[in-house]
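This report looks at a cavity and a ligand. The structure comes below, followed by the lining, the shell and the contacts.

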Amino acid sequence: MIVEPGMLEALKKTATSSVAPIPTVVPGHDPIYQTAGDVGNRTLWVVTVIMGLSSLAFYGMAFRQPVQKRLFHILTAFITTFAFLSYFAMSTGDGINYNKITKVETHKHVPDTYQTIYREVYWARYVDWSVTTPLLLLDLALLAGLSGANILVAVVADIIMVLTGLFAAYGSSDGQKWGWYAWACIAFLTIVYQLAFNGRAAVANKDSKTKAFYGAIAGFTLILWTVYPIIWGVADGGRVAGVDAEIIAYAVLDVLAKPVFGFWLLFTHDSMSSTSPSLEGFWANGFGSQGQLRVGDDDEA
Ligand code: RET
C-alpha cells in the first residue's frame with residue numbers, strides 16, 4: 001500500500017482517539033521505606049552523650065557515699081549506662097532492622113492492590129528497656145519499701161511488657177501487632193497497680209518526707225511511662241509518625257525517665273541521708289564471719 005502524505009497523521013489521530021482515555025488500574029505500589037534522616041541520627045548522638053555524662057555523674061555521686069548508702073546510686077548509674085550503650089548502638093547503626101508489613105487495599109470494580117511498608121525497628125531500645133525498666137522499678141520499690149512478693153510481680157510484669165512490645169513491633173499483620181500490644185498493656189496495668197496501690201500502701205509506714213517524695217516521683221514516672229505506649233501506637237504500631245519523630249519523642253521521654261529521674265532521686269536521697277536506711281550485711285560486707293564456711297574447717301574437726 002502506498003502511503004500518501006498526510007495519511008500517517010490521520011491514522012495516528014484515529015488510533016489515539018480510539019483507545020483514550022485509558023482506565024488507570026494500578027495493580028500495586030512501590031514499597032514505602034520509613035527510615036531515619038539526619039535529624040534522627042543527630043538526636044540519637046545527643047542522647048548518647050547525655051546518657052554517658054549522667055552515668056559518670058552518678059558513679060561520682062556513688063563514690064562520695066559510704067557503701068552502705070550507695071544502693072540507689074549504683075542502680076541509677078547502671079540504668080544510664082545501659083541506655084548509653086543502647087543509644088551508642090543505635091547512633092552507629094546497630095540494633096536496627098526493618099519490619100515488613102503488607103496492607104491489602106480493596107477496590108470496588110478492580111482487583112485488590114497491595115502496599116508494602118518497610119519500617120525501621122530500633123530493637124536495641126527493647127533490649128535496653130528489658131534491663132533498665134526493672135531497675136527503675138527497683139529504685140521506686142526500694143524507696144517505698146514494697147514487699148519482695150510485690151517487687152517480683154512488678155518486675156515480671158515489666159519484662160512481659162517489654163518482650164510483648166518487641167513482638168508487637170515485628171508483627172506481620174495488624175491483628176498480630178495489636179494482639180501483642182494488648183498483652184503488653186495488661187502487663188503495664190499490673191505495674192501501675194503495684195506502684196500506685198501497693199507502693200503507696202507500703203510507703204504509708206515511712207516518714208512524711210519519704211511519703212511525699214514517693215508520691216511525687218512515682219507520679220512523675222507513671223505519667224511518663226504512659227506516654228510510651230501512645231508514641232508506640234503512632235510510630236511502630238500505626239506507622240503514622242515518621243521515624244525521626246519517633247526518635248525525638250523517645251529521646252525526650254528517655255532523658256526525663258532516666259537522667260532527670262536519676263538526679264532527682266539521688267539529690268533527694270542524699271539530702272535525706274540521715275533518715276535513709278543504711279545497708280549492712282551482705283551488701284556492705286559480703287558473707288560475714290558468722291556462719292561463714294571456711295576452707296579447712298572439716299580438717300580441724
Ligand atoms: C510498649 C509497647 C507496647 C505497650 C506498652 C509499651 C510500654 C513501654 C514502656 C516503656 C518505658 C520505658 C522507659 C524507658 C526509659 O528510658 C513496649 C512501648 C505498654 C512503659 C521508662
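## Cavity lining

α4 contributes the most residues to the lining of the largest cavity, namely 5. Helices are DSSP runs (H or I, at least four residues), numbered from the N terminus. The lining draws at least two residues from each of α4, α5, α6, α7 and α8. It has 15 nonpolar, 3 polar and 2 charged residues. Here Ala, Val, Leu, Ile, Met, Phe, Trp, Tyr, Cys and Pro count as nonpolar, Asp, Glu, Lys and Arg as charged, and the others, Gly among them, as polar.

The model is predicted: local features need pLDDT of at least 70, side-chain atom pairs count only at pLDDT 80 or more, and totals for chains, interfaces and linings use all residues. Residues are numbered from 1 along each chain as its sequence is written, and side-chain values use heavy atoms, without hydrogens and water.

## Cavity size

The count is 1 cavity of 30 Å³ or more. A cavity is a set of points, on a 1 Å grid over the protein atoms alone, where a 1.4 Å probe fits but cannot get out; lining residues have an atom within 4 Å of a point. The volume of the largest cavity is about 340 Å³. Among its 20 lining residues, Trp 129, Met 161, Trp 225, Tyr 228 and Pro 229 are closest to the centre.

## Ligand shell

The ligand sits in the largest cavity (more than half of its atoms lie within 2 Å of the grid points). Of the shell residues, α7 supplies the largest share, 4. By class, the shell has 10 nonpolar, 2 polar and 2 charged residues.

## Ligand contacts

Around the ligand are 14 residues, with Ala 184, Trp 225, Tyr 228, Asp 254 and Lys 258 nearest (a heavy atom within 4 Å). A side-chain N or O atom of Lys 258 lies 2.8 Å from a ligand oxygen atom. For Asp 254, a polar side-chain atom is 3.1 Å from an oxygen atom of the ligand.

Note on methods
Polar contact = N/O pair within 3.5 Å; in protein donor to acceptor, adjacent residues only side chain to side chain. 1 Å grid on protein atoms, 1.4 Å probe; cavity = no way out; pocket = protein on both sides within 12 Å on 5 of 7 lines; lining within 4 Å. Points joined across faces, edges and corners; volume = space filled by probe spheres on them.
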